[in-house]
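Please read them with the structure open.

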Amino acid sequence: MLILHCPYCGVDAEETELHAGGEAHLKRFGPGSSDADFESYLFGRENPKGVHFERWRHVNGCGKWFHAARCTATLEVFGTYSAQVLEPPQDIRDAITAKRPGWSWRDIQ
Amino acid sequence: MRRYSAFAIAREAARYHSGWERAWASPEPKKKYDVIIVGAGGHGLATAYYLGKNFGITNVAVLEKGWLGGGNTGRNTTIIRSNYLQDTSAAIYEKARSLYETMSQDLNYNVMFSPRGVIMLAQTEHEVRGYQRTAHANALQGVKTEFIGPQRVKELVPIINISGPRYPVLGGLWQERGGTARHDAVAWGYARACSDMGMDIIQKCEVTGVRREGGKVVGVDTTKGAIDCDKLGLVVAGHSGVLADMAGFRLPIESLALQALVSEPIKPCMDVVVMANTVHGYMSQSDKGEMVIGGGTDGFNNYTQRGSFHHVEETVRALVETFPMISRLKMLRQWGGIVDMTGDRSPILSKTPVEGVFVNCGWGTGGFKSIPGSGWAMAELMAKGHSPLAEEFGLNRFAEGRFIDESVAAGVAH
Ligand SMILES: Cc1cc2nc3c(=O)[nH]c(=O)nc-3n(C[C@H](O)[C@H](O)[C@H](O)COP(=O)(O)OP(=O)(O)OC[C@H]3O[C@@H](n4cnc5c(N)ncnc54)[C@H](O)[C@@H]3O)c2cc1C
Ligand SMILES: [Zn+2]
């Protein structure tokens with residue numbers, strides 16, 4: 001069973017307490033953007049076999065949204081972090097690099 | 001190819017079964033093919049089959065990283081039906097269902113198609129209205145379905161509890177010619193027919209790169225070396241995102257785990273397929289007597305072919321409410337497959353930004369039923385550049401906001 005540490009209330013929450021919110025750090029395109037950018041923001045997904053950044057909600061707990069870095073090929077969790085950031089923080093990137101040297105995700109390394 | 005028949009069984013019985021041929025050849029790859037299909041699941045093999053049968057294109061290789069049918073095709077619960085809401089979907093799913101009717105004869109391979117009937121239970125007022133609407137839509141589409149009342153449901157499924165406390169059965173959408181088939185046999189039957197037409201089915205050959213020149217595909221890199229081709233079909237279900245990445249584009253697809261399980265075999269007790277979409281579970285009985293059970297997908301991106309245990313518990317809990325007699329049944333096996341989900345729960349059959357590369361994916365939780373129709377349409381798309389059945393399922397529907405919303409018809413995962 002998947003267990004994620006909620007960075008807000010500090011609980012190690014198991015899957016039945018959590019709700020998956022899909023790919024994180026999407027770059028938003030709105031009015032005035034090109035059709036291709038808008039479509040890609042709405043529907044295009046990385047869906048990688050490997051390092052994945054995603055949004056989760058501690059729905060049956062404190063109710064807060066947060067971020068997680070996880071491997072979709074092994075289900076290993078690299079860490080969780082605040083929802084108030086646009087990119088994964090350095091300590092999370094370092095934790096991933098230690099396990100998956102040379103990884104990259106979109107233009108994030 | 002030596003045909004299978006009652007006569008062949010008698011002949012082989014008389015000589016200690018020494019004369020059965022291998023069903024398909026396992027050659028080494030050639031340097032170049034007209035068409036390469038990646039993925040020897042049902043959809044990839046059916047595409048190859050109809051390329052040969054309908055268009056005479058037989059210089060074809062089907063490349064498979066594992067073993068034939070080892071993806072979702074060999075992991076699914078084999079429900080076949082065509083009672084979808086939108087005309088576009090009804091057309092391709094009904095084409096597929098009708099091809100299943102004659103598939104065993106067509107392939108000379110017993111795929112055990114069993115049109116035993118499928119009921120989708122209505123357990124809320126909302127669902128009653130929804131399925132009545134679908135039944136009307138199906139009538140206009142020429143797909144034979146019927147909305148039936150709770151008493152008829154009980155007659156068809158004596159073991160069902162129609163007066164459950166929380167979700168009593170209020171009726172059901174009944175498709176009499178829906179049913180099941182033997183999943184491996186579908187893959188094996190197509191493989192045998194493809195091999196007979198001279199196509200190469202190459203197992204344990206993983207595609208690791210898509211080679212392009214000037215925006216056009218020229219071949220693939222594989223664990224058995226580089227192979228050239230003029231056209232490339234990506235038919236890899238849960239791995240579609242990975243293959244698209246190799247070809248340099250993204251897809252509106254997320255890969256999730258979907259699980260199923262079977263019980264110990266018991267005496268015949270249910271001769272139709274029952275789906276309960278509100279409580280999220282469905283069940284049928286296999287010819288061996290096992291109860292075949294499935295439910296909804298897991299919630300998060302996953303490539304491991306393993307799901308979370310609590311989903312199994314939720315599914316079984318729902319079915320025990322619906323069929324109280326299964327509460328003491330032991331479960332024998334449980335497994336998962338990686339399904340390719342689109343936002344509108346409809347598939348993608350399309351050209352791509354790379355010339356010569358075509359995709360067939362997004363069948364998600366419900367693509368076993370569509371294998372022959374999908375292969376038919378995909379072959380036409382690859383051979384002629386367009387296909388009436390595939391037209392509306394193109395990638396451009398996302399840019400144009402022209403969704404084919406089947407989230408209700410797809411209801412529970414199947
Ligand atoms: C538990 C479960 C229950 C289901 N129940 C039903 C049901 O009742 N009714 C229904 O209609 N549908 C059902 N489905 C859905 C159905 O199984 C799928 O939609 C269908 O089988 C997809 O077939 P496919 O040929 O596209 O994919 P697959 O059968 O998955 O084949 C894709 C193949 O591509 C190969 N591949 C991947 N990457 C590479 C690579 N790089 N190189 C070479 N080969 C590669 C894989 O190994 C795989 O064999 C269910 C699915 C699951 C998981
Ligand atoms: Zn919390």
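1. A donor, as the word is used here, is an N, O or S atom within 2.8 Å of the metal. In this predicted model, the donors of the zinc ion (ligand 2) are spaced along the chain as C-x2-C-x48-H-x3-C.

2. Which atoms hold the zinc ion (ligand 2)? The SG atoms of Cys6(A), Cys9(A) and Cys62(A) coordinate the ion, together with ND1 of His58(A), at 2.0 to 2.4 Å. The angles among the four donor atoms run from 102 to 114 degrees, and the site is tetrahedral.

3. Over all chains, the count of salt bridges comes to 29. One of them pairs Glu54(A) with Arg70(A), whose closest N and O atoms are 2.3 Å apart. Glu54(A) belongs to strand E4 of chain A and Arg70(A) to strand E5 of chain A, so this pair ties together parts that are 16 residues apart in sequence.

4. How many residues does each chain bring to the contact between chain A and chain B? Chain A gives 23 residues and chain B gives 24 residues. The buried area between these chains is about 1900 Å², with 53% of it from carbon and sulfur atoms. Of the area that chain A buries against chain B, 32% comes from Phe43(A), Asn47(A) and Lys49(A), more than from any other three residues.

5. Two salt bridges are found across the interface of chain A and chain B. Arg45(A) and Glu254(B) meet through their side chains in a salt bridge, at 3.8 Å from N to O. Twelve residue pairs are in polar contact between the two chains.

6. On the side of chain A that touches chain B, strand E3 (19-23), helix H1 (35-42) and strand E4 (51-57) each supply at least two residues. The residues of this side comprise eight nonpolar, seven polar and eight charged.

Definitions and conventions:
Residues are numbered from 1 along each chain as its sequence is written. Chains are lettered from A and ligands numbered from 1 in the order in which they are written. This is a predicted model: local features need pLDDT of at least 70, side-chain atom pairs count only at pLDDT 80 or more; totals for chains, interfaces and linings use all residues. Side-chain values use heavy atoms; hydrogens and water are left out. Contact means heavy atoms within 4.5 Å. Buried area is the accessible area (1.4 Å probe) that two parts lose on being put together, summed over both. A salt bridge is a side-chain nitrogen of Lys or Arg within 4 Å of a carboxyl oxygen of Asp or Glu. A polar contact is a pair of N or O atoms within 3.5 Å; within protein, one must be able to donate a hydrogen and the other to accept it, and residues adjacent in sequence count only if both atoms are side-chain atoms. Helices (H or I, at least four residues) and strands (E, at least two) are DSSP runs, numbered from the N terminus. Ala, Val, Leu, Ile, Met, Phe, Trp, Tyr, Cys and Pro count as nonpolar, Asp, Glu, Lys and Arg as charged, and the others, Gly among them, as polar. Donors are N, O and S atoms within 2.8 Å of the metal (3.2 Å for Na, K and Ca); water is not among the atoms, so sites may look incomplete. Four donors count as tetrahedral if all angles lie between 85 and 135 degrees; four count as square planar and six as octahedral if opposite donors are over 155 degrees apart and all others between 65 and 115; anything else is irregular.
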